Amino acid sequence: ADRLSREEGLTPVFLAIDRSKDVAAARQVTSQMREKALVLEEAYTGEQLSDLLGAMRCVISMRLHGLIFAAGRGVPLLGVVYDPKVRAFLRYIGRENAIDLPEVTAEGLVRAAKEVIAATNAERAYVNPYDSLLKTVDDAAVMLELAEMEEGEAQQSALQDTLAECAKADGYFGKIRLQSLL
């Protein structure tokens with residue numbers, strides 16, 4: 001986080017999505033940082049989370065909700081995979097930008113984040129994030145059926161979780177899109 005702050009001019013913001021676990025982890029990281037960082041500990045509504053994550057220049061998250069909201073707003077994102085649902089979601093939206101949790105290093109995160117920021121900024125003018133999310137929801141049911149035929153229970157469970165979260169996000173972003181048209 002210090003290097004991204006210095007080299008990319010970013011202010012690291014640690015957003016507690018699972019407050020029971022994320023606040024302590026964020027405090028532990030920021031206590032070791034030299035650069036300025038923010039820890040947002042409050043409970044936020046879906047709309048507030050979307051607005052917060054939508055304002056970021058890059059989102060690095062191991063939380064599925066953080067990735068869904070960032071993707072829905074077209075923010076460059078990098079998934080830290082602790083659960084198959086994180087990688088499954090990234091694959092659904094056509095992104096492979098993920099690092100498995102046991103393989104995370106400071107150097108690897110910085111390099112991957114810079115690559116994601118550069119690649120996403122280059123594409124941003126051509127991609128409608130909401131349309132990508134709609135495609136994700138439409139394709140997830142078909143992918144779940146295929147996974148049930150071809151893969152094990154863990155992958156099926158991850159796909160079911162991802163489909164449920166995408167459906168929730170689709171409803172939320174549909175409301176945002178409708179409001180912007182009014």
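This report walks through the fold, the sheet, the cores and the charged pairs of a predicted model.

## Ground rules

Residues are numbered from 1 along each chain as its sequence is written, and side-chain values use heavy atoms, with hydrogens and water left out. Since this is a predicted model, local features need pLDDT of at least 70 and side-chain atom pairs count only at pLDDT 80 or more, while totals for chains, interfaces and linings use all residues.

## The overall layout

The protein has 8 helices and 5 strands. These are DSSP runs numbered from the N terminus, with helices (H or I) of at least four residues and strands (E) of at least two. Going along the sequence, you get the pattern α-β-α-β-α-β-α-β-α-β-α-α-α.

Of the 182 residues in the protein, 38% are buried. Buried here means under 20% relative accessible area, exposed means over 50%, and partly exposed is in between (1.4 Å probe, protein chains only). As for contacts (heavy atoms within 4.5 Å), take those between residues at least 6 apart in sequence: 55% of them join residues at least 24 apart.

## The sheet and its helices

Three strands make an open sheet in the order E3-E4-E5, with parallel pairing; two strands pair if DSSP finds at least two bridges between them. E3 (59–61) and E5 (98–100) are the edge strands, each with a single partner, so one side of each has no neighbour in the sheet. On average, neighbouring strands are turned by 15° against each other, direction ignored. The parallel pairing of E4 and E5 runs over 3 bridges, and Gly-79 sits opposite Ala-98 in E5.

Helix H4 packs on this sheet, touching E3 and E4, and its direction makes about 165° with that of E4. H5 lies across E4 and E5, at about 150° to E4. For these angles, axes are lines fitted to C-alpha atoms (for helices, over the stretch in contact), and values run from 0 to 180 degrees between N-to-C directions.

Just past the end of H4, Gly-74 takes a positive phi of about 75°.

The largest nonpolar core has 19 residues, and Val-59, Leu-77, Phe-89 and Leu-90 have the most contacts inside it. A nonpolar core is a set of buried Ala, Val, Leu, Ile, Met, Phe, Trp, Tyr and Cys residues joined through side-chain atoms within 4.5 Å. Helix H3 (46–54), H4, strand E4 (77–81) and helix H5 (84–92) each give two or more residues to this core, with the largest share, 6 residues, coming from H4. Leaving aside neighbours within four places in sequence, Leu-77 contacts Val-59, Leu-67, Ala-70, Ala-71, Leu-90, Asn-97 and Val-116. There is also a second, separate core of 6 residues, including Leu-4, Cys-58, Ala-113 and Ile-117.

The structure holds 9 salt bridges, each a side-chain nitrogen of Lys or Arg within 4 Å of a carboxyl oxygen of Asp or Glu. Arg-3 and Glu-7 form one of them (3.0 Å, N to O). Both lie in helix H1, 4 residues apart, about one turn of the helix. Arg-3 is partly exposed at 27% relative accessible area, and Glu-7 is partly exposed at 39%.

Asp-2, found in helix H1 (residues 2–8), is buried yet has no salt bridge; the nearest side chain of opposite charge, Arg-6, is 4.7 Å away. (Lys and Arg count as positive and Asp and Glu as negative; His and the chain ends are not counted.) Not counting residues up to four places away in sequence, Asp-2 touches Gln-32, Met-33, Arg-34 and Glu-35.

## Bridges between elements

Arg-6 does have a salt bridge, to Glu-35, with the closest N and O atoms 3.6 Å apart. Glu-35 sits in the loop between helix H2 (19–31) and strand E2 (38–40) and Arg-6 in helix H1, so the pair ties together parts 29 residues apart in sequence.

Arg-73 and Asp-51 form another salt bridge, with the closest N and O atoms 2.8 Å apart. Arg-73 is in the loop between H4 and E4 and Asp-51 in helix H3, so this pair ties together parts 22 residues apart in sequence. Finally, salt bridges that share partners join Arg-3, Glu-7, Glu-107 and Lys-114 into one network.
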